[in-house]
Protein chains: 2
Amino acid sequence: MSKIIFDCAISLDGFFAGDNRSPENPMGGVSPKIHAWMFKQKAFWKHLGMEGGEEDGADSRLIEDVFARTGAYIMGKRMFEEGEVHWPEDLFKADVYVLTHEEREPWVQQGTTTFYFVNDGIHNALEKAKKSAGEKDIRIQGGCDTIRQYLNAGLIDEFFIHITPVFLGSGVRLFDGMDKDKYDMQIAEVIPSNLTTHIRYKLTKK
Amino acid sequence: MSKIIFDCAISLDGFFAGDNRSPENPMGGVSPKIHAWMFKQKAFWKHLGMEGGEEDGADSRLIEDVFARTGAYIMGKRMFEEGEVHWPEDLFKADVYVLTHEEREPWVQQGTTTFYFVNDGIHNALEKAKKSAGEKDIRIQGGCDTIRQYLNAGLIDEFFIHITPVFLGSGVRLFDGMDKDKYDMQIAEVIPSNLTTHIRYKLTKK
């Protein structure tokens, strides 16, 4: 059965994004730091149909696995607006549901990425994403507010955290505002690497 | 050569201690949650000269290793006061330097633990601890304020974090107030476990 997941890189001090986020400064400028491990992976660039990266080990396998298992994405309006002007065409290669109050026609990209703009809440977005995903999983892409909404609604089945060995000092913390008593949590998998520490957690709603 | 280390359990949302810390409520009551993995380890109870625990795997090896490498401890006054009334006799089995403004004679316990009360700052405490430790390492035991002072003075060589799969939601964060630009950080070791994720980081002062 299809799972609802998320997958985020954070700094060792727990930050998902920096301060002063905007389309001109996506993720508050922290992506080169917390995603450094990802940009080194051949699998990441291969997914984009590009040559790049020099690493092809466990980190690359993980990237391939997460792309392969994901059949649809859900993201917040702010993440979409920060990414819209920067992301390469057909980055997601699946249907992407954007939570927004804006009414907008779907944006069909070259390839297999289509952005749909959903105005009727997280549960309806999830139902639509489930239809797109079929047997595959639905990934809550971000940002933090969107992940927190799905977490606090008790809807997340598992997630990957990539703890990158860097301190950011300030910004947006992934788990701020999280309902701490919503789930029982178990460590499902740890993938050591010298670039970042990948941990997969399973959640069971209490 | 002797290293300066620390070793802390934190929740997945980054908390080292809970709210409302006091001798009546040491660590804000979070120890049963973030140290659950430790209390299950035979090595922990063996160190206390007691029978206990049911686990004897990689987590226990790590506990033995950290006790074996540590030749002296430094801690803040608040941690000392929270622990003083609760810790079993001879918990540390080494010299422990307590940073305080209080003048007090050393407290020599049964066994090999002696608490010394140091009034002249973190650098002098460290020099004293180095003499006690000999070839072994000096562990900055806590709390967060004390660890942060040594971190921000550029004095820490490496540290272990045990990321326990629990959310606390509020409390004292280990890395709050950390000078984010003080060190280059590398992942030195990851010890996976289904109880907690042990990560050892090496620091190089910039």
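In which sense do S4(B) and S6(B) pair, and over how many bridges? S4(B) and S6(B) pair in the parallel sense over 5 bridges, where strands and helices are DSSP runs numbered from the N terminus (strands are E, at least two residues; helices are H or I, at least four), and two strands pair if DSSP finds at least two bridges between them.

This is a predicted model, in which local features need pLDDT of at least 70 and side-chain atom pairs count only at pLDDT 80 or more, while totals for chains, interfaces and linings use all residues. Residues are numbered from 1 along each chain as its sequence is written, and chains are lettered from A and ligands numbered from 1 in the order in which they are written.

**The sheet of chain B**

In chain B, 9 strands form an open sheet of mixed pairing, in the order S5-S6-S4-S3-S7-S1-S8-S11-S10. Strand S5 (107–108) and strand S10 (183–191) of chain B stand at the edges, each with a single partner strand, so one side of each is left without a neighbour in the sheet.

| Strand pair | Sense | Bridges | Opposite residues |
|---|---|---|---|
| S3(B) and S4(B) | parallel | 5 bridges | Ala72(B) and Asp95(B) |
| S4(B) and S6(B) | parallel | 5 bridges | Asp95(B) and Thr114(B) |

Helix H6 (residues 121–133) of chain B packs on the sheet, touching S3, S4, strand S6 (114–118) and S7 of chain B, and its direction makes about 155 degrees with that of S3(B); such angles run from 0 to 180 degrees between the N-to-C directions of lines fitted to C-alpha atoms, for helices over the stretch in contact. Helix H7 (residues 144–152) of chain B also packs on the sheet, where it touches strand S1 (4–11), S3, S4 and S7 of chain B, with its direction at about 135 degrees to that of S7(B).

S4(B) is mostly covered, with 5 of its 5 residues buried, a residue being buried if 20 or more other C-beta atoms lie within 10 Å of its own, exposed if 12 or fewer, and partly exposed in between. Asp95(B), Tyr97(B) and Leu99(B) point one way from S4(B), whereas Val96(B) and Val98(B) point the other way. The chain crosses from S3(B) through H5(B) to S4(B) in a right-handed β-α-β crossover, that is, with the strands pointing away from the viewer, the path from the first strand over the helix to the second runs clockwise. In helix H5 (residues 77–84) of chain B, the residues Arg78(B), Met79(B), Phe80(B) and Glu82(B) are buried, and what covers the buried residues of H5(B) includes strand S3 (70–76), strand S4 (95–99) and strand S7 (137–142) of chain B.

**The two chains together**

The contact takes 20 residues from chain A and 20 residues from chain B, with two residues in contact if their C-beta atoms, placed from the backbone, lie within 7 Å. S10(A) gives the most to the side of chain A that touches chain B, with 4 residues. Chain A can be laid on chain B with an RMSD of 0.0 Å by a turn of 180 degrees and a shift of 0.0 Å along the axis, and that is the relation of a two-fold axis; the superposition is by least squares on the C-alpha atoms of residues with pLDDT of at least 70 in both copies. Of the residues of chain A, Gly14(A) comes closest to the rotation axis, at 3.2 Å (C-alpha).
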